[in-house]
Amino acid sequence: MKLAEIIPLIQLEPLVVIDDLDYEIKTVCGCDLMSDVLAFSQEKTMLLTGLTNPQVIRTAEMTDIKFIIFVRGKRPPKETIELAKEKGINLYLSPKSMFECCGILYQAGLNSESMRSLI
Amino acid sequence: MQEQVILRSAIEKGDFARGGEASSNLKEILRKLGVRSDINRRTTIVTYEMEMNIIIHSLGGEITVYIASDHIKVVAEDKGPGIEDLQLAFQPGYSTADDRVREMGFGAGMGLNNIQYYSDDLHVETGKGQSTKFTAIIYLESPSKEPNS
């Protein structure tokens with residue numbers, strides 16, 4: 001699904017825009033635990049999170065995640081925005097809850113990532 | 001080719017503001033060296049977990065990364081206080097991190113498990129009251145671990 005189609009669905013406000021609206025998003029990961037993102041996430045996924053500190057950008061950088069959506073309208077601090085600009089990571093803000101964002105995007109046809117299994 | 005140092009970085013205890021800088025620098029170095037992107041990703045995840053572990057759990061330490069013709073070696077060595085029960089520390093979900101660390105999204109108890117998963121070979125030297133040394137090897141031609149590859 002193109003980013004342009006996702007924006008109205010969860011009312012995204014752009015904070016840092018690097019890639020254009022044609023960027024294709026294939027999977028979504030909703031997570032507040034950065035170690036879990038490091039453990040399970042794949043390249044090119046879009047991360048939904050309620051965390052706004054700069055370590056979220058670092059985690060995205062290490063895992064090659066290019067899009068981060070901050071849910072619940074939580075605006076990230078300046079350091080987070082500056083680091084995202086430096087590292088070329090797109091940031092958006094949604095007023096909706098994590099649950100709503102995930103539900104809407106899932107219903108619209110976006111998939112979860114395939115995860116490595118621990119059990 | 002013998003192992004050559006490509007990164008050496010001192011990591012301070014509690015320095016969350018700079019957490020990830022060494023790994024970020026490494027990612028760029030590996031990119032410039034033309035290392036396969038999934039190997040770069042695995043190596044930087046391993047290094048980032050080690051870097052955050054030094055910041056969160058240790059009294060400070062150092063990360064050194066070497067490259068040779070067929071592998072990358074990441075060595076993280078700290079000044080203590082050591083891991084008492086290594087088997088427990090590797091168990092997914094187990095963590096001794098405090099609330100402050102958890103609020104930043106860490107302390108999920110996946111760090112050591114991640115390091116092991118993304119490394120081809122891992123060696124740990126530690127003990128209560130001792131320094132801890134992690135040595136991880138990632139082979140440059142290692143098969144991809146990306147779930148969809």
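What percentage of the 119 residues of chain A count as buried? The share is 43%, where buried means 20 or more other C-beta atoms, placed from the backbone, within 10 Å of a residue's own.

The model is predicted: local features need pLDDT of at least 70, side-chain atom pairs count only at pLDDT 80 or more, and totals for chains, interfaces and linings use all residues. Residues are numbered from 1 along each chain as its sequence is written, with chains lettered from A and ligands numbered from 1 in the order written.

**View 1. Chain A as a whole.** Chain A has 5 helices and 6 strands (DSSP runs, numbered from the N terminus: helices are H or I, at least four residues; strands are E, at least two). From the N terminus, the order is α-β-β-α-β-α-β-α-β-α-β. The C-alpha trace spans about 40 × 30 × 25 Å along its principal axes.

**View 2. Around A:Ile57.** A:Ile57 is found in helix α3 (residues 54-63) of chain A. A:Ile57 is buried, with 27 other C-beta atoms within 10 Å. Leaving aside neighbours within four places in sequence, its contacts (C-beta atoms, placed from the backbone, within 7 Å) are A:Thr80, A:Leu83, A:Ala84, A:Lys87 and A:Ile89. The C-alpha atoms of A:Ile57 and A:Lys85 are separated by 9.8 Å; the two residues are 28 residues apart along the chain.

**View 3. Two helices of chain B.** Helix α2 (residues 37-57) and helix α5 (residues 111-118) of chain B pack at about 150°, with axes 9 Å apart. They are therefore roughly antiparallel (angles over 145 degrees). B:Ile45 and B:Met52 are among the α2(B) residues that meet α5(B), where B:Ile115 and B:Tyr118 are among the partners.

Methods
A residue is buried if 20 or more other C-beta atoms lie within 10 Å of its own, exposed if 12 or fewer, and partly exposed in between; C-beta atoms are placed from the backbone. Two residues are in contact if their C-beta atoms, placed from the backbone, lie within 7 Å. Axes are lines fitted to C-alpha atoms, for helices over the stretch in contact, and angles run from 0 to 180 degrees between N-to-C directions. Angles under 35 degrees count as roughly parallel, over 145 as roughly antiparallel, 65 to 115 as roughly perpendicular and the rest as oblique.
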